[in-house]
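Subject: Structure handover

Hello,

Please find the structure below. My notes on what turned up follow it.

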Amino acid sequence: MARLLDAAGVPTPACHLPIGPYEVDFAWPEALVALEVDGWAVHGRREAFEADRRRDLHLQALGWRVLHVSAAAALRGSLVTARHVAEVLMVIQAA
């Protein structure tokens, strides 16, 4: 995913950033945006689903916007997905 973000011109994110009791895959702290890459093997279970919802609510309560992309999109090398992340960051930074 990091290579895709770079190829799409997305500013370099912090990787595996701890935020409170959680760690996010990628983050842009100055924009309060976190990006999680979710694979079915890990996130396709009820426990993981519930834990992800708790984490998202906690981060949102702290003012973070949490984005999710599928691991399949990242593995396919979907520049479209990375460009969507870039668009979100541009909108937030313009506000």
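Start with the charged side chains. Asp-56 forms a salt bridge with Arg-55, with the closest N and O atoms 3.0 Å apart. A salt bridge here is a side-chain nitrogen of Lys or Arg within 4 Å of a carboxyl oxygen of Asp or Glu. This is a predicted model, so local features need pLDDT of at least 70 and side-chain atom pairs count only at pLDDT 80 or more, while totals for chains, interfaces and linings use all residues. Residues are numbered from 1 along each chain as its sequence is written, and side-chain values use heavy atoms, with hydrogens and water left out.

Confidence

pLDDT is the predictor's confidence in each residue, from 0 to 100. The chain average is 91. A score of at least 70 is reached by 97% of the residues. Among the elements, strand E1 (residues 14-19) has the highest mean pLDDT, 98. Helix H2 (residues 40-43) has the lowest, 69. Helices (H or I, at least four residues) and strands (E, at least two) are DSSP runs, numbered from the N terminus.

Salt bridges

The whole structure holds 4 salt bridges. Asp-56 also pairs with Arg-53, at 4.0 Å from N to O. These two are 3 residues apart in helix H3, so about one helical turn separates them. Arg-55 has a further partner in Asp-52, with the closest N and O atoms 3.2 Å apart. Arg-55 and Asp-52 are likewise 3 residues apart in helix H3 (residues 46-61), about one helical turn. Glu-36, Asp-52, Arg-53, Arg-55 and Asp-56 are linked in a network of salt bridges.

How exposed are Asp-56 and Arg-53? Buried means under 20% relative accessible area, exposed over 50%, and partly exposed in between (1.4 Å probe, protein chains only). Asp-56 has a relative accessible area of 9%, so Asp-56 is buried. Arg-53 is at 30%, so Arg-53 counts as partly exposed. Arg-55 is buried at 6%. Asp-52 is buried too.

Helix H5

Helix H5 (residues 79-94) has 16 residues. From first C-alpha to last, H5 reaches 22 Å, close to the 22 Å expected. The expected span is 1.5 Å times one less than the number of residues. Thr-81, Ala-82, Val-85, Ala-86, Leu-89 and Ile-92 are buried in H5. Seen down the axis of H5, these buried residues fall within an arc of 145 degrees, so they line one face of the helix. The arc is that of the directions from the helix axis to the C-beta atoms. Met-90, Val-91 and Ala-94 are exposed on the other side of H5.

What do the buried residues of H5 pack against? Their partners are helix H1 (2-7), strands E2 (22-28), E3 (33-38) and E4 (65-70), and helix H4 (71-76). Contact means heavy atoms within 4.5 Å. Take Thr-81, which lies in H5. Thr-81 is buried, with a relative accessible area of 16%. Not counting residues up to four places away in sequence, Thr-81 touches Met-1, Val-69 and Ala-73.

Nonpolar cores

A nonpolar core is a set of buried Ala, Val, Leu, Ile, Met, Phe, Trp, Tyr and Cys residues joined through side-chain atoms within 4.5 Å. The largest has 18 residues. Met-1, Leu-5, Trp-28 and Leu-35 touch the most other members. H1, E2, E3, E4 and H5 each supply at least two residues of this core. H5 gives the most, with 5 residues. Leu-5 touches Val-10, Pro-13, Phe-26, Trp-28, Leu-35, Ala-82 and Val-85, not counting residues up to four places away in sequence. A second, separate core has 7 residues, including Ile-19, Ala-27, Trp-64 and Val-66.

Asp-25 lies in strand E2. Beyond its neighbours within four places in sequence, Asp-25 is in contact with Ala-14, Cys-15, His-16, Leu-35, Glu-36 and Val-37. Asp-25 and Ala-14 are 11 residues apart along the chain, and their C-alpha atoms are 8.3 Å apart. Pro-29 sits in the loop between E2 and E3. Pro-29 is partly exposed, with a relative accessible area of 37%. Leaving aside neighbours within four places in sequence, Pro-29 is in contact with Leu-17 and Trp-64.

Best wishes
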